[in-house]
Amino acid sequence: SNSSVYVLASQLILLSLKDSHNWPESIAKVYVDDSLADRVWVDMDACQRLVQNICTVFHTKKGGNKSGGNNESSENSEGNVQPSDVYVLNTDAVKVEPRFSETTSKLIRSYTIQQVHECLSRRGVPTSDASLKNIMKLLSAAAGCADARLIIAQRIEGWMQNSKLVKQCQDLLMAVAVNCHQHTSEDVEVIDALVNVRLKTKLFSSQYVSCIRELIHSHPDNLETVLQGVVHNELGQMRSPMNMTLLSVMIHTWPEAAAKLLGTIFLEFLIRKEDYLRALRAFLRELIRQVRNEFSYQSFARSIMQEKFNSEISCLDVSHKERIA
């Protein structure tokens, strides 16, 4: 059968290249193409060792899902079915390790993002649920790539409106959270996009909160970026109903750090030319009502009175200084 051919071919390729760390770009391109098309072989159990080695090109950290290329095998038409009419070679001894040179890796990652963009931007051709699932599975596998995380963060709000994509959205949220672990400018952009996601239903509420919590655990500086994003959102025109929930989680989990950072963010708003005083007071009252005794008032107060802003405050006019006082 065709399945037997794919299994045998993948295993022969893997065994012939098992000692190489300079795999050709074409192997990864074939993986990407099948991932976005019919997923004829990328979800088969017998092909997973090859898939896992190919996916090292993305440097993706795995959360709850261990598989390199298959995030949802139970829904695939092949369903990880092992062809019965083929002799399966033993590939368990082949290590999963980086297989592409840095130059080739960059080309593969660029090709992957290009193919995803092409699939998502075909004019006049609506993307079917099956095609979307395939795109989302590939993005989950490629979440170690900053461009893949950005696509996810910018598209996830729309995808969450589709009840047939619940599992894929949950996987993508966690994939993004686990892989924002370097706090690069791209990560900051991804975090800002995630914080501004507006949930239309409560279906994803707990998963969304878990995603943000995992995101903060991924890098020490992510807490400040998330807090800044939530505060800016709360004081903006398109307020998210999840803001207070996220703030409550952050204050409960990181009470001292969150209160200290919140004080700094409040002070940054107070020294702006625009008058945020009334909005900040209302915001703080609502926050205290939500978290009550968990809030570290001392850390917040010390932070809002820190000296590092003295030079900026001294340049303000009298009425502005009185507002801050």
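On the surface, D147, E186, E189 and D192 gather in a patch of negative charge. The model is predicted. Helix α8, which spans residues 185–195, gives the patch its largest share, three residues.

Are they buried or exposed? The table gives the values.

| Residue | Relative accessible area | Class |
|---|---|---|
| E186 | 36% | partly exposed |
| D187 | 0% | buried |

E186 counts as partly exposed because its relative accessible area of 36% falls between the cut-offs of 20% and 50%. D187 counts as buried because its relative accessibility is 0%, and buried means under 20%. E186 is one of the residues in the negative patch.

Which residues does D187 touch, leaving out those up to four places away in sequence? They are R149, N179, C180, H181 and Q182.

**The chain as a whole**

The chain holds 325 residues, and buried residues make up 49% of them. D187 is one of the buried residues.

Among the contacts in the chain with a separation of 6 or more, 76% are between residues 24 or more positions apart. The accessible surface of the chain comes to about 16,400 Å². Carbon and sulfur atoms account for 50% of that surface.

Technical notes
Residues are numbered from 1 along each chain as its sequence is written. This is a predicted model: local features need pLDDT of at least 70, side-chain atom pairs count only at pLDDT 80 or more; totals for chains, interfaces and linings use all residues. Side-chain values use heavy atoms; hydrogens and water are left out. Buried means under 20% relative accessible area, exposed over 50%, partly exposed in between (1.4 Å probe, protein chains only). Contact means heavy atoms within 4.5 Å. Accessible areas come from the Shrake-Rupley method with a 1.4 Å probe; for residues, only the protein chains shown count as cover. Patches are made of residues with over 30% relative accessible area and no salt bridge: like charges are joined within 9 Å, nonpolar side chains (Val, Leu, Ile, Met, Phe, Trp, Tyr) within 5 Å. A salt bridge is a side-chain nitrogen of Lys or Arg within 4 Å of a carboxyl oxygen of Asp or Glu. Lys and Arg count as positive and Asp and Glu as negative; His and the chain ends are not counted. The place of a charge is taken as NZ of Lys, CZ of Arg, CG of Asp or CD of Glu. Helices (H or I, at least four residues) and strands (E, at least two) are DSSP runs, numbered from the N terminus.
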